[in-house]
Amino acid sequence: MPRKKIELENIVENISILDQDGNVDKALEPKISNDDLRRLFRAMTLARRYDERMLKLQRQGRIGTYGPALGQEAASLGPVYAINKDDWFVPSFREPAATLWRGWPIDKLILWWGGNEFGATPPDGAHDVPICVPVASQVQYAAGIAWGCKLKKNGGVAVAFVGDGGTSEGDFHEGMNCAAIFGAPLILIIQNNQWAISLPRKKQTASQTLAQKAISYGLNGLQVDGNDILAMIYATREAVDRARKGGGPTIIEAVTYRMGVHTTADDPKKYRTEDEVDCWKPKCPLARFWLYVKAKGVVTEKDREKMEEEIQNDITAAIERAEQYAPNPLEPFEHCFAEMPLHLKRQLKEFKAYLAATNGETSSADGNPENLAGYSKHLH
Ligand SMILES: Cc1ncc(C[n+]2csc(CCOP(=O)(O)OP(=O)(O)O)c2C)c(N)n1
Ligand SMILES: [Mg+2]
(Lines give C-alpha, C1' and ligand atoms only; values in the text may rest on other atoms or scores of the structure.)
(Ligands and ions follow the chains in the order given, each with its own letter.)
Protein backbone atom coordinates (compact mmCIF):
# COMPACT_ATOMS: atom_id res chain seq x y z
CA MET A 1 0.00 0.00 0.00
CA PRO A 2 1.37 3.47 -0.83
CA ARG A 3 2.15 6.00 1.82
CA LYS A 4 -0.49 8.73 1.86
CA LYS A 5 -0.76 12.09 3.51
CA ILE A 6 -3.64 12.34 5.96
CA GLU A 7 -5.54 15.54 5.31
CA LEU A 8 -6.23 17.12 8.68
CA GLU A 9 -9.46 19.07 8.98
CA ASN A 10 -8.01 21.80 11.13
CA ILE A 11 -5.13 24.04 10.24
CA VAL A 12 -3.42 26.70 12.28
CA GLU A 13 -3.65 30.30 11.10
CA ASN A 14 -2.04 33.44 12.48
CA ILE A 15 -3.94 36.70 12.78
CA SER A 16 -2.71 40.23 13.29
CA ILE A 17 -4.79 43.32 12.45
CA LEU A 18 -3.29 46.40 14.14
CA ASP A 19 0.48 46.61 13.95
CA GLN A 20 2.82 48.45 16.27
CA ASP A 21 2.93 51.50 13.97
CA GLY A 22 -0.85 51.81 14.01
CA ASN A 23 -1.45 50.31 10.52
CA VAL A 24 -4.74 48.43 10.25
CA ASP A 25 -5.73 45.52 8.03
CA LYS A 26 -9.06 46.95 6.90
CA ALA A 27 -10.32 43.59 5.63
CA LEU A 28 -10.18 42.13 9.14
CA GLU A 29 -10.85 45.22 11.29
CA PRO A 30 -13.65 44.28 13.73
CA LYS A 31 -16.71 46.48 14.01
CA ILE A 32 -16.65 48.23 17.40
CA SER A 33 -18.73 51.29 18.24
CA ASN A 34 -16.93 54.50 19.19
CA ASP A 35 -18.39 54.27 22.68
CA ASP A 36 -16.99 50.80 23.10
CA LEU A 37 -13.61 51.85 21.74
CA ARG A 38 -13.49 54.52 24.43
CA ARG A 39 -14.54 52.04 27.12
CA LEU A 40 -11.93 49.55 25.94
CA PHE A 41 -9.19 52.14 25.89
CA ARG A 42 -10.13 53.24 29.40
CA ALA A 43 -10.20 49.63 30.57
CA MET A 44 -6.76 48.93 29.16
CA THR A 45 -5.39 52.08 30.73
CA LEU A 46 -6.99 51.13 34.06
CA ALA A 47 -5.38 47.68 33.91
CA ARG A 48 -1.97 49.25 33.26
CA ARG A 49 -2.24 51.80 36.07
CA TYR A 50 -3.69 49.22 38.48
CA ASP A 51 -0.69 47.02 37.76
CA GLU A 52 1.76 49.84 38.48
CA ARG A 53 0.02 50.79 41.70
CA MET A 54 -0.13 47.16 42.88
CA LEU A 55 3.63 46.83 42.44
CA LYS A 56 4.10 49.92 44.58
CA LEU A 57 1.70 48.63 47.25
CA GLN A 58 3.63 45.39 47.40
CA ARG A 59 6.96 47.19 47.72
CA GLN A 60 5.47 49.24 50.57
CA GLY A 61 4.44 46.03 52.34
CA ARG A 62 0.73 46.78 52.00
CA ILE A 63 -0.15 43.58 50.09
CA GLY A 64 1.48 40.16 50.26
CA THR A 65 2.75 39.45 46.79
CA TYR A 66 1.80 40.49 43.29
CA GLY A 67 2.02 38.98 39.82
CA PRO A 68 1.92 41.81 37.30
CA ALA A 69 0.36 41.48 33.87
CA LEU A 70 2.29 44.33 32.27
CA GLY A 71 2.19 43.98 28.48
CA GLN A 72 -0.59 41.39 28.47
CA GLU A 73 -3.57 43.74 28.71
CA ALA A 74 -4.86 43.21 25.15
CA ALA A 75 -4.66 39.42 25.35
CA SER A 76 -6.74 39.53 28.50
CA LEU A 77 -9.25 42.27 27.65
CA GLY A 78 -10.06 41.42 24.02
CA PRO A 79 -11.58 37.98 24.71
CA VAL A 80 -13.91 39.13 27.50
CA TYR A 81 -15.09 42.06 25.40
CA ALA A 82 -16.21 39.48 22.83
CA ILE A 83 -18.54 37.63 25.24
CA ASN A 84 -21.76 38.58 27.01
CA LYS A 85 -22.24 39.13 30.71
CA ASP A 86 -24.13 35.82 30.95
CA ASP A 87 -21.28 33.88 29.37
CA TRP A 88 -18.63 32.49 31.67
CA PHE A 89 -15.21 33.90 32.46
CA VAL A 90 -12.64 31.50 33.91
CA PRO A 91 -9.37 33.27 34.70
CA SER A 92 -5.94 32.09 35.62
CA PHE A 93 -4.01 34.67 37.69
CA ARG A 94 -2.76 37.14 35.06
CA GLU A 95 -6.02 38.64 33.86
CA PRO A 96 -6.70 41.81 35.85
CA ALA A 97 -7.73 43.62 32.64
CA ALA A 98 -10.43 41.00 32.00
CA THR A 99 -11.48 40.75 35.63
CA LEU A 100 -11.95 44.50 35.98
CA TRP A 101 -13.86 44.57 32.68
CA ARG A 102 -16.20 41.90 34.05
CA GLY A 103 -17.09 44.32 36.83
CA TRP A 104 -15.00 43.16 39.77
CA PRO A 105 -14.32 46.17 42.02
CA ILE A 106 -10.64 47.13 42.22
CA ASP A 107 -10.88 46.71 46.03
CA LYS A 108 -11.58 43.03 45.65
CA LEU A 109 -8.45 42.43 43.62
CA ILE A 110 -6.38 44.33 46.17
CA LEU A 111 -7.88 42.20 48.94
CA TRP A 112 -7.14 39.01 47.01
CA TRP A 113 -3.47 39.91 46.65
CA GLY A 114 -3.53 40.87 50.31
CA GLY A 115 -4.46 37.29 51.12
CA ASN A 116 -8.05 38.04 52.05
CA GLU A 117 -10.58 35.37 51.18
CA PHE A 118 -13.25 37.92 50.41
CA GLY A 119 -11.21 39.01 47.40
CA ALA A 120 -11.92 35.62 45.84
CA THR A 121 -15.69 35.88 45.85
CA PRO A 122 -17.15 36.96 42.50
CA PRO A 123 -19.59 39.89 42.57
CA ASP A 124 -23.21 38.82 43.10
CA GLY A 125 -24.71 37.12 40.08
CA ALA A 126 -21.48 37.20 38.07
CA HIS A 127 -20.76 34.28 35.79
CA ASP A 128 -17.13 34.47 36.79
CA VAL A 129 -14.84 32.10 38.60
CA PRO A 130 -12.24 33.27 41.14
CA ILE A 131 -8.57 33.74 40.27
CA CYS A 132 -6.95 30.32 39.96
CA VAL A 133 -3.36 29.71 41.02
CA PRO A 134 -2.91 25.91 40.66
CA VAL A 135 -1.58 26.06 37.11
CA ALA A 136 -4.07 24.82 34.45
CA SER A 137 -6.52 23.32 36.95
CA GLN A 138 -9.05 25.89 35.72
CA VAL A 139 -9.07 24.27 32.26
CA GLN A 140 -10.89 21.29 33.73
CA TYR A 141 -13.70 23.22 35.31
CA ALA A 142 -13.88 25.58 32.33
CA ALA A 143 -14.57 22.50 30.21
CA GLY A 144 -17.23 21.42 32.69
CA ILE A 145 -18.86 24.85 32.79
CA ALA A 146 -18.92 25.04 28.98
CA TRP A 147 -20.34 21.52 28.75
CA GLY A 148 -22.99 22.58 31.26
CA CYS A 149 -23.98 25.48 28.96
CA LYS A 150 -24.38 22.98 26.15
CA LEU A 151 -26.48 20.59 28.24
CA LYS A 152 -28.68 23.44 29.43
CA LYS A 153 -29.02 24.67 25.83
CA ASN A 154 -28.77 28.25 27.12
CA GLY A 155 -26.52 29.41 24.27
CA GLY A 156 -23.75 30.30 26.73
CA VAL A 157 -20.03 29.92 26.20
CA ALA A 158 -17.03 29.96 28.50
CA VAL A 159 -13.83 31.89 27.91
CA ALA A 160 -10.93 30.57 29.95
CA PHE A 161 -7.29 31.57 30.28
CA VAL A 162 -4.12 29.57 30.79
CA GLY A 163 -0.40 30.31 30.39
CA ASP A 164 2.14 28.77 28.02
CA GLY A 165 3.49 26.81 31.00
CA GLY A 166 0.00 25.56 31.74
CA THR A 167 -0.10 23.71 28.40
CA SER A 168 2.37 21.16 29.78
CA GLU A 169 0.04 20.19 32.63
CA GLY A 170 -2.12 17.08 32.56
CA ASP A 171 -5.09 19.24 33.46
CA PHE A 172 -4.74 21.13 30.19
CA HIS A 173 -4.81 17.89 28.22
CA GLU A 174 -7.68 16.36 30.15
CA GLY A 175 -9.74 19.53 30.02
CA MET A 176 -9.31 20.17 26.30
CA ASN A 177 -9.76 16.52 25.41
CA CYS A 178 -13.07 16.43 27.28
CA ALA A 179 -14.18 19.80 25.89
CA ALA A 180 -13.54 18.56 22.34
CA ILE A 181 -15.24 15.20 22.82
CA PHE A 182 -18.34 16.79 24.34
CA GLY A 183 -18.36 19.68 21.87
CA ALA A 184 -18.31 22.10 24.77
CA PRO A 185 -18.57 25.78 23.81
CA LEU A 186 -15.19 26.66 25.33
CA ILE A 187 -12.73 29.24 24.07
CA LEU A 188 -9.38 28.73 25.71
CA ILE A 189 -6.96 31.63 25.52
CA ILE A 190 -3.36 30.56 25.98
CA GLN A 191 -1.48 33.62 27.10
CA ASN A 192 1.86 32.71 25.59
CA ASN A 193 3.96 35.31 27.39
CA GLN A 194 7.14 33.39 26.48
CA TRP A 195 8.03 32.44 30.06
CA ALA A 196 6.79 30.17 32.81
CA ILE A 197 8.68 31.78 35.66
CA SER A 198 12.26 31.07 34.45
CA LEU A 199 11.42 28.42 31.85
CA PRO A 200 11.41 29.83 28.30
CA ARG A 201 8.78 28.90 25.75
CA LYS A 202 11.24 26.85 23.68
CA LYS A 203 11.87 24.54 26.63
CA GLN A 204 8.17 24.24 27.39
CA THR A 205 7.30 22.31 24.27
CA ALA A 206 8.89 21.17 21.02
CA SER A 207 5.74 22.18 19.13
CA GLN A 208 6.20 24.99 16.63
CA THR A 209 3.12 26.75 18.01
CA LEU A 210 0.92 26.24 21.04
CA ALA A 211 -2.17 26.73 18.87
CA GLN A 212 -1.41 23.53 16.94
CA LYS A 213 -2.09 21.49 20.07
CA ALA A 214 -5.72 22.02 19.09
CA ILE A 215 -5.26 19.71 16.11
CA SER A 216 -4.47 16.75 18.31
CA TYR A 217 -7.73 17.23 20.20
CA GLY A 218 -9.72 17.66 16.99
CA LEU A 219 -10.66 21.25 17.64
CA ASN A 220 -9.95 24.66 16.16
CA GLY A 221 -6.67 26.42 16.85
CA LEU A 222 -5.53 29.89 16.00
CA GLN A 223 -2.43 31.94 16.74
CA VAL A 224 -3.06 35.62 17.31
CA ASP A 225 -0.92 38.67 17.95
CA GLY A 226 -1.77 38.92 21.63
CA ASN A 227 -0.63 42.56 21.84
CA ASP A 228 -3.20 43.54 19.24
CA ILE A 229 -6.59 44.03 20.86
CA LEU A 230 -8.38 44.16 17.50
CA ALA A 231 -7.01 40.75 16.53
CA MET A 232 -7.93 39.30 19.93
CA ILE A 233 -11.49 40.57 19.57
CA TYR A 234 -11.77 39.37 15.98
CA ALA A 235 -10.48 35.89 16.80
CA THR A 236 -12.60 35.47 19.93
CA ARG A 237 -15.77 36.69 18.20
CA GLU A 238 -15.26 34.13 15.46
CA ALA A 239 -14.64 31.34 17.99
CA VAL A 240 -17.64 32.40 20.10
CA ASP A 241 -19.96 32.44 17.05
CA ARG A 242 -18.81 28.96 16.09
CA ALA A 243 -19.18 27.65 19.65
CA ARG A 244 -22.72 29.04 19.99
CA LYS A 245 -23.67 27.27 16.77
CA GLY A 246 -22.43 23.94 18.13
CA GLY A 247 -19.01 24.09 16.46
CA GLY A 248 -17.17 23.14 19.65
CA PRO A 249 -14.14 24.58 21.40
CA THR A 250 -11.29 26.72 20.09
CA ILE A 251 -7.78 27.27 21.36
CA ILE A 252 -6.45 30.78 20.76
CA GLU A 253 -2.75 31.21 21.34
CA ALA A 254 -2.17 34.87 22.18
CA VAL A 255 1.46 35.64 21.42
CA THR A 256 2.52 38.22 23.98
CA TYR A 257 5.26 38.92 26.49
CA ARG A 258 5.55 39.14 30.25
CA MET A 259 7.24 42.54 30.48
CA GLY A 260 7.65 42.44 34.24
CA VAL A 261 8.57 40.02 36.97
CA HIS A 262 6.75 36.68 37.30
CA THR A 263 5.73 37.82 40.75
CA THR A 264 7.29 40.20 43.22
CA ALA A 265 9.20 37.19 44.57
CA ASP A 266 11.07 36.80 41.27
CA ASP A 267 14.11 38.44 39.66
CA PRO A 268 14.02 37.86 35.87
CA LYS A 269 17.46 39.44 35.42
CA LYS A 270 18.80 36.08 36.60
CA TYR A 271 17.45 34.22 33.57
CA ARG A 272 16.68 36.59 30.67
CA THR A 273 18.45 39.46 28.95
CA GLU A 274 17.50 43.13 28.91
CA ASP A 275 17.84 42.98 25.11
CA GLU A 276 15.01 40.48 24.91
CA VAL A 277 12.74 42.69 27.01
CA ASP A 278 13.72 45.75 24.94
CA CYS A 279 12.65 43.97 21.73
CA TRP A 280 9.10 43.75 23.06
CA LYS A 281 8.82 47.35 24.24
CA PRO A 282 7.73 48.77 20.84
CA LYS A 283 5.01 46.13 20.67
CA CYS A 284 3.21 47.56 23.73
CA PRO A 285 -0.54 46.86 23.42
CA LEU A 286 -1.57 50.10 25.10
CA ALA A 287 0.68 52.34 22.96
CA ARG A 288 -0.62 50.60 19.85
CA PHE A 289 -4.28 50.93 20.82
CA TRP A 290 -3.68 54.60 21.62
CA LEU A 291 -2.45 55.15 18.04
CA TYR A 292 -5.67 53.53 16.82
CA VAL A 293 -8.19 55.42 18.97
CA LYS A 294 -6.33 58.69 18.46
CA ALA A 295 -6.31 58.29 14.67
CA LYS A 296 -10.02 57.51 14.73
CA GLY A 297 -10.63 60.60 16.82
CA VAL A 298 -12.53 58.68 19.51
CA VAL A 299 -10.10 59.60 22.29
CA THR A 300 -8.27 62.94 22.22
CA GLU A 301 -5.14 63.88 24.16
CA LYS A 302 -7.37 65.86 26.49
CA ASP A 303 -9.78 62.93 27.01
CA ARG A 304 -6.82 60.76 27.80
CA GLU A 305 -5.46 63.15 30.41
CA LYS A 306 -8.87 63.29 32.10
CA MET A 307 -9.18 59.52 31.96
CA GLU A 308 -5.75 59.06 33.53
CA GLU A 309 -6.67 61.37 36.39
CA GLU A 310 -10.00 59.66 37.04
CA ILE A 311 -8.35 56.25 36.97
CA GLN A 312 -5.69 57.23 39.50
CA ASN A 313 -8.42 58.65 41.76
CA ASP A 314 -10.50 55.47 41.42
CA ILE A 315 -7.50 53.33 42.35
CA THR A 316 -6.65 55.53 45.33
CA ALA A 317 -10.23 55.29 46.59
CA ALA A 318 -10.20 51.50 46.12
CA ILE A 319 -6.95 51.18 48.07
CA GLU A 320 -8.48 53.18 50.92
CA ARG A 321 -11.58 50.98 50.96
CA ALA A 322 -9.52 47.79 50.84
CA GLU A 323 -7.32 48.96 53.68
CA GLN A 324 -10.35 49.79 55.80
CA TYR A 325 -11.71 46.30 55.35
CA ALA A 326 -11.56 44.58 58.70
CA PRO A 327 -10.70 40.94 58.13
CA ASN A 328 -12.52 38.47 60.28
CA PRO A 329 -9.95 35.97 61.58
CA LEU A 330 -12.74 33.47 62.19
CA GLU A 331 -13.80 33.46 58.55
CA PRO A 332 -11.69 30.47 57.47
CA PHE A 333 -13.82 28.29 59.74
CA GLU A 334 -16.86 29.16 57.65
CA HIS A 335 -15.57 27.86 54.36
CA CYS A 336 -14.44 24.31 55.04
CA PHE A 337 -17.65 22.39 55.62
CA ALA A 338 -21.36 22.89 55.04
CA GLU A 339 -21.85 21.67 58.59
CA MET A 340 -19.00 22.31 60.95
CA PRO A 341 -17.65 19.07 62.42
CA LEU A 342 -17.19 18.71 66.17
CA HIS A 343 -13.40 18.99 66.17
CA LEU A 344 -13.57 22.30 64.27
CA LYS A 345 -16.22 23.61 66.64
CA ARG A 346 -13.85 22.86 69.50
CA GLN A 347 -10.95 24.55 67.73
CA LEU A 348 -13.11 27.55 66.97
CA LYS A 349 -14.08 27.91 70.60
CA GLU A 350 -10.46 27.66 71.64
CA PHE A 351 -9.38 30.18 68.99
CA LYS A 352 -12.02 32.65 70.12
CA ALA A 353 -10.89 32.33 73.68
CA TYR A 354 -7.31 32.89 72.55
CA LEU A 355 -8.26 36.03 70.57
CA ALA A 356 -10.29 37.34 73.47
CA ALA A 357 -7.39 36.78 75.84
CA THR A 358 -4.85 38.43 73.56
CA ASN A 359 -6.68 41.49 72.27
CA GLY A 360 -10.32 41.18 73.24
CA GLU A 361 -11.43 41.69 69.65
CA THR A 362 -13.88 38.83 69.74
CA SER A 363 -15.62 39.90 72.92
CA SER A 364 -18.90 40.10 70.97
CA ALA A 365 -18.57 36.50 69.81
CA ASP A 366 -21.18 34.27 71.34
CA GLY A 367 -19.40 31.03 70.62
CA ASN A 368 -22.12 29.80 68.32
CA PRO A 369 -20.61 28.89 64.95
CA GLU A 370 -23.99 29.27 63.22
CA ASN A 371 -23.77 33.02 63.86
CA LEU A 372 -20.36 33.45 62.29
CA ALA A 373 -21.65 34.71 58.95
CA GLY A 374 -23.25 37.59 60.81
CA TYR A 375 -20.02 39.28 61.60
CA SER A 376 -18.26 39.11 58.27
CA LYS A 377 -18.02 42.69 57.11
CA HIS A 378 -18.31 42.59 53.37
CA LEU A 379 -17.37 45.28 50.89
CA HIS A 380 -19.64 45.84 47.96
C1 LIG B 1 0.13 23.01 39.67
C2 LIG B 1 1.09 24.11 39.97
N3 LIG B 1 2.42 23.88 39.83
C4 LIG B 1 3.30 24.89 40.07
C5 LIG B 1 2.85 26.13 40.44
C6 LIG B 1 3.85 27.26 40.69
N7 LIG B 1 3.74 28.19 39.55
C8 LIG B 1 3.00 29.32 39.65
S9 LIG B 1 2.97 30.16 38.21
C10 LIG B 1 3.96 29.04 37.45
C11 LIG B 1 4.36 29.23 36.02
C12 LIG B 1 3.20 29.32 35.12
O13 LIG B 1 3.62 29.68 33.83
P14 LIG B 1 2.58 29.99 32.72
O15 LIG B 1 1.54 28.94 32.67
O16 LIG B 1 3.34 30.26 31.47
O17 LIG B 1 1.85 31.31 33.25
P18 LIG B 1 2.49 32.76 33.54
O19 LIG B 1 2.95 32.75 34.95
O20 LIG B 1 3.59 32.96 32.58
O21 LIG B 1 1.37 33.71 33.34
C22 LIG B 1 4.30 28.01 38.32
C23 LIG B 1 5.15 26.88 37.95
C24 LIG B 1 1.47 26.31 40.60
N25 LIG B 1 0.96 27.48 40.94
N26 LIG B 1 0.60 25.29 40.33
MG1 LIG C 1 3.87 32.09 30.69
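Student: So a helix here is a DSSP run of H or I with at least four residues, numbered from the N terminus. At what angle do H2 and H9 pack?
Tutor: H2 (residues 73-81) and H9 (residues 229-244) pack at about 40 degrees, with their axes 8 Å apart. Axes are lines fitted to C-alpha atoms over the stretch in contact, and angles run from 0 to 180 degrees between N-to-C directions. This is a predicted model: local features need pLDDT of at least 70, side-chain atom pairs count only at pLDDT 80 or more, and totals for chains, interfaces and linings use all residues. Residues are numbered from 1 along each chain as its sequence is written, while chains are lettered from A and ligands numbered from 1 in the order in which they are written.

Student: Which residues of H2 and H9 meet?
Tutor: From H2, Ala-74, Ala-75, Leu-77, Gly-78, Pro-79 and Tyr-81; from H9, Ile-229, Met-232, Ile-233 and Thr-236. Contact means C-beta atoms, placed from the backbone, within 7 Å. That contact has eight nonpolar residues, two polar and no charged. (Ala, Val, Leu, Ile, Met, Phe, Trp, Tyr, Cys and Pro are nonpolar; Asp, Glu, Lys and Arg are charged; the others, Gly among them, are polar.)

Student: How do H1 and H11 pack?
Tutor: H1 (residues 34-59) and H11 (residues 285-296) pack at about 155 degrees, axes 11 Å apart. So H1 is roughly antiparallel to H11, a label for angles over 145 degrees.

Student: And by class, what's in that contact?
Tutor: Seven nonpolar, one polar and two charged residues.

Student: New topic: how many residues surround ligand 1?
Tutor: 15, with Val-135, Gly-163, Gly-165, Gly-166 and Ala-196 the closest. The cut-off is a C-beta atom, placed from the backbone, within 6 Å. The shell divides into six nonpolar, six polar and three charged.

How values were computed:
Helix = DSSP H or I, 4+ residues; strand = E, 2+ residues; numbered from the N terminus. Contact = placed C-beta atoms within 7 Å. Parallel < 35°, antiparallel > 145°, perpendicular 65-115°, else oblique.
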